[in-house]
Amino acid sequence: MNILDYELSKLRKSIVEMGDLVHLQLTNATKFLLYKDASVAKSTMEKDVDVNSKEVSINENCIRLLALYQPEAADLMFITTSMKIITDLERMGDLCAAVCQLGLSLGEDLSFIAENKNMYSYFEEADKRANEMLKMVIKMYSDGVKDNIALKDIIIKDENIIDDLSHKIVIDIINYSSADNSKLENNITYIFIARKYERFADHAQKVMELLLYMELGKDVRNLPEF
Amino acid sequence: MADNNGTIKNDIKIEVKNLNFYYGNYNLLKNINLFFKKNSVCTIIGPSGCGKSTFLRTLNRMNDYTEDTKLTGEVLIDGKNIYNRSVDVVELRRNIGMVFQTPNPFPKSIFDNVAFGLKIHGIKNKEFIAERVEKCLKYAALFDEVKDTLYKPAFSLSGGQQQRLCIARAIATNPSVLLMDEPTAYLDPMSTGIILDLITSFKKYYTVVVVSHNIQQAARVADYSGFFLSGELIEFDNAGDFFTRPKDKRTENYITSRF
């Protein structure tokens, strides 16, 4: 293995680790939303710093690789795509922290959860799908885009489902508010939170698009199926 | 430079202190201070005539025989000044292998080229020599190509192979330092790639100093890099910083070809 291959495998590993970290962040953010354990929220918000510093260090490493090894062809695409992917992963990490931040403002009253089991099941579902999307894009990145091209359609489908879920949450909140608008501020916060999950899924899909661009040289965002 | 990097003294293989070198009255190297860490690859870059080759040659006293030259300052290898009167130059060069720009094998067989250094150091044990020759040819990634033709003349090899033979010859005497003066200047991209990979793998065993015209190649192998201009050491830093955020504008201009 020549030195650049070794460096690229290290880069690949560090991005997989970053993906795992974001995965954990999302899982914890949702856990907090469902069970209202404030300590989970605090630790998740603190860990966002780790995600951010991973982005900085991976970016720095990519610049070093470009400067020292002047990569060409597939190596060049891999490094430049990696640099873009980490920006999205970092944003996804921010969204997890934002879910916690917003969630804390809802207070620790669990009665709303009991009353709105249906809406909470949408959050659970969105969390599950978003985490699956993240796993799939990381798999595409680490195990080869061509071998995992089938994941593309699942990712797009999941993204649409999360959009729907987010919309359903909004509808539920509107219905709930029209019946009882005493907690309007809280209700709007739920809409904001739903929006974070939607954005998370958008970023995951964008990573997939970047990977397709890396492999095929086509900007798939402009193709009709998107 | 030397002090800011927080290097422990024991990590330093070569330390150059206040080195000045004169051709007649012309001061070619001006007060050079730097150090090379053990088991690292350092590349020296700079335009032609900036003194980088001369500098490299001061590290194993290759300039001793050039007429009308003068050197002041110290070159410490493992803490000992190699310009001390008591230093045995032959022993010094055993410890410091050198590879040149043009492949320059001896007009002998492939085997004898590598065995030569061992023989002049008085080693007679044939088995030991044969073993050592094989090992060095393997280190230099040449053995597989020449194992059946070891007794053919070295000049029958291609340029890239000859250069690898010279590398095998340079490491035969088990040096701890390897100096390379533009080792890939005359090679095709394939041979260049092989030699660059070799240089990277060599740092396990040696402290390697490479002089190079080629900035890309210098970047590829380097742990540390230095930039020479008109006999001055402008900048010396770890390669990551040197090639991404050089501190001196002149270094920046040179490595971005804006000279």
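Tutor: Start with terms: helices (H or I, at least four residues) and strands (E, at least two) are DSSP runs, numbered from the N terminus. Read along its sequence, chain A then follows the pattern α-α-α-α-α-α-α. That is seven helices and zero strands. This is a predicted model in which local features need pLDDT of at least 70 and side-chain atom pairs need pLDDT 80 or more, while totals for chains, interfaces and linings use all residues. Residues are numbered from 1 along each chain as written, chains are lettered from A and ligands numbered from 1 in the order written, and side-chain values use heavy atoms, without hydrogens and water.

Student: What makes chain A as compact as a globular protein of its length?

Tutor: Compare two values. The radius of gyration (over C-alpha atoms) is set against the globule rule, 2.2 Å times the number of residues to the power 0.38. For the 226 residues of chain A the rule gives 17 Å, and the radius of gyration is 19 Å, close to it, so chain A is as compact as a globular protein of that length. Its C-alpha trace spans about 65 × 40 × 20 Å along the principal axes.

Student: Why is B:Thr200 called buried?

Tutor: Buried means under 20% relative accessible area, exposed over 50%, and partly exposed in between (1.4 Å probe, protein chains only). B:Thr200 has 13%, so it counts as buried. It sits in helix α7 of chain B. Leaving out residues up to four places away in sequence, B:Thr200 touches A:Ile3 and B:Val221. Touching here is contact, meaning heavy atoms within 4.5 Å. In chain A, 48% of the 226 residues count as buried.

Student: How do you know that B:Arg245 and A:Glu60 form a salt bridge?

Tutor: The rule asks for a side-chain nitrogen of Lys or Arg within 4 Å of a carboxyl oxygen of Asp or Glu. Here the N to O distance is 2.8 Å, so the pair passes. Across the interface of chain B and chain A, the rule finds one salt bridge. Over all chains the structure holds 23.

Student: Which chain B helices each supply at least two residues of the side that touches chain A?

Tutor: They are α7 (189-202), α8 (215-221) and α9 (239-244). The largest share, four residues, comes from α9(B).

Student: How large is the area that chain B and chain A bury between them?

Tutor: It is about 890 Å², 58% of it on carbon and sulfur atoms. Buried area is the accessible area (1.4 Å probe) that two parts lose on being put together, summed over both. B:Arg220, B:Thr244 and B:Arg245 supply 49% of what chain B buries against chain A, more than any other three residues. The contact takes 10 residues from each of chain B and chain A.

Student: What does the salt bridge of B:Arg164 and B:Glu145 tie together?

Tutor: First the pair itself: the closest N and O atoms are 2.9 Å apart. B:Arg164 lies in helix α6 (residues 159-172) and B:Glu145 in helix α5 (residues 143-146) of chain B, so the pair ties together parts 19 residues apart in sequence. B:Arg164 is buried at 4%, whereas B:Glu145 is partly exposed at 42%.

Student: Where do B:Lys138 and B:Glu134 lie?

Tutor: Both lie in helix α4 (residues 126-139) of chain B, four residues apart, about one turn of the helix. B:Lys138, at 48%, is partly exposed, and B:Glu134, at 32%, is partly exposed.
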